[in-house]
Amino acid sequence: MLKIEHLTKIYGTTAAVDDLSLSIEPGEIYGFIGHNGAGKTTTLKSVAGILNFDNGVITIDGFDIRKNPIEAKKIMAYIPDNPDIYDYMTAIQYLNFVADIYEVSQADREARIKKYGDMFALTEKLANPVNSYSHGMKQKLAIMAALVHDPKLILMDEPFVGLDPSAAFLVKQTMREICDNGGAIFFSTHVLEVAEKLCDKVAIIKNGKLVKSGTMEEVKGDESLEEVFLDMQNAAQAEKDTSLNIEIPKFEEKKRGFWKR
């Protein structure tokens with residue numbers, strides 16, 4: 001469904017994403033985790049065709065995102081962490097606008113808008129202007145808009161931010177349902193407990209480099225995903241401190257020094 005080969009994106013002299021390769025098959029929920037600035041959003045925007053990249057090839061269901069952008073984008077959807085929705089429209093106008101872009105039939109759009117509107121308790125508020133919506137409601141609307149054309153691949157950047165627990169649960173259920181029906185989802189998250197329970201596979205990125213990927217069992221082994229991630233962060237910090245010749249005093253040494261003051 002999604003194949004990323006040797007993706008590289010450089011800003012100035014810094015590689016935000018450095019020679020990253022991974023693939024996602026139909027039916028898979030694939031989690032993408034890493035610290036802030038690790039390269040997650042840059043990767044997702046590159047896959048979505050929003051951001052140009054310096055090297056590599058990205059194909060979506062066989063369509064190259066640079067050579068065949070229209071064909072690739074027709075079968076995918078991208079949900080950013082902070083959706084930018086036209087505030088001057090009503091919610092239903094916005095959903096119909098998106099459906100028109102993807103040439104969704106009247107019957108299909110009505111069925112999907114009703115399904116997800118009822119699910120997120122937005123049906124009775126669809127006639128309201130978007131600028132009257134809270135952040136959480138806008139997030140739900142963005143998810144509805146992404147699903148209105150029944151995409152094969154969904155890219156999600158921190159999809160649970162701003163959602164109440166009930167809505168987050170419904171989104172997770174929907175993600176699983178989509179993949180059980182042959183779709184695929186690639187999403188970034190800071191909520192490691194969610195990733196561990198929800199994902200079929202996971203990739204960890206650090207400073208633009210893919211450092212670990214595979215099934216959840218392959219990545220975490222007998223540890224929790226949180227423990228694996230924190231161990232990698234600590235190892236990276238220790239390596240950085242060593243390269244800077246920083247000597248970290250032991251607790252006992254610090255304690256003796258304190259009492260001598």
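The model is predicted: local features need pLDDT of at least 70, side-chain atom pairs count only at pLDDT 80 or more, and totals for chains, interfaces and linings use all residues. Residues are numbered from 1 along each chain as its sequence is written, and side-chain values use heavy atoms, with hydrogens and water left out.

Start with the whole chain. It has 10 helices and 10 strands. These are DSSP runs, numbered from the N terminus: helices are H or I with at least four residues, strands are E with at least two. Of the 261 residues, 44% count as buried. Buried means under 20% relative accessible area, exposed means over 50%, and partly exposed lies in between (1.4 Å probe, protein chains only). The accessible surface comes to about 13900 Å², and 51% of it belongs to carbon and sulfur atoms. Areas come from the Shrake-Rupley method with a 1.4 Å probe; for residues, only the protein chains shown count as cover. Contact means heavy atoms within 4.5 Å. Among contacts between residues at least 6 apart in sequence, 66% join residues at least 24 apart.

Now go inside. The largest nonpolar core has 51 residues, and M175 and F187 have the most contacts inside it. Helix α5 gives the most to this core, with 8 residues. Such a core is a set of buried Ala, Val, Leu, Ile, Met, Phe, Trp, Tyr and Cys residues joined through side-chain atoms within 4.5 Å. Leaving aside neighbours within four places in sequence, M175 touches I29, M156, F160, I185, F187 and L198. Another core, of 28 residues, lies apart from the largest one; among its members are M1, V17, A38 and I60.

S46 sits in helix α1 (residues 40-48). S46 counts as buried because its relative accessibility is 0%. Beyond neighbours within four places in sequence, its contacts are L7, L51, F53, I58 and I65.

Turn to α3 (91-101). Its buried residues are A91, Y94, L95, V98 and A99. They cover an arc of only 135 degrees around the axis, so they lie on the same side of α3. The arc is that of the directions from the helix axis to the C-beta atoms. These buried residues pack against α4 (106-119) and α5 (135-147). After α3 comes E103, with a positive phi near 55 degrees.

On the surface, Y86, Y88, F97 and I101 form a nonpolar patch with about 450 Å² of accessible area together. Patches take residues with over 30% relative accessible area and no salt bridge; like charges are joined within 9 Å, nonpolar side chains (Val, Leu, Ile, Met, Phe, Trp, Tyr) within 5 Å. Y88 lies in the loop between β6 (76-79) and α3. Y88 is exposed, at 65% relative accessible area.

Last, the charges. The structure holds 11 salt bridges. Each is a side-chain nitrogen of Lys or Arg within 4 Å of a carboxyl oxygen of Asp or Glu. One joins K209 to D18, with the closest N and O atoms 3.0 Å apart. K209 lies in strand β10 (residues 209-215) and D18 in strand β2 (residues 14-24), so the pair ties together parts 191 residues apart in sequence. K114 and D118 meet at 2.7 Å, N to O. Both lie in α4, 4 residues apart, about one turn of the helix. R176, D180 and D200 are linked in a network of salt bridges.
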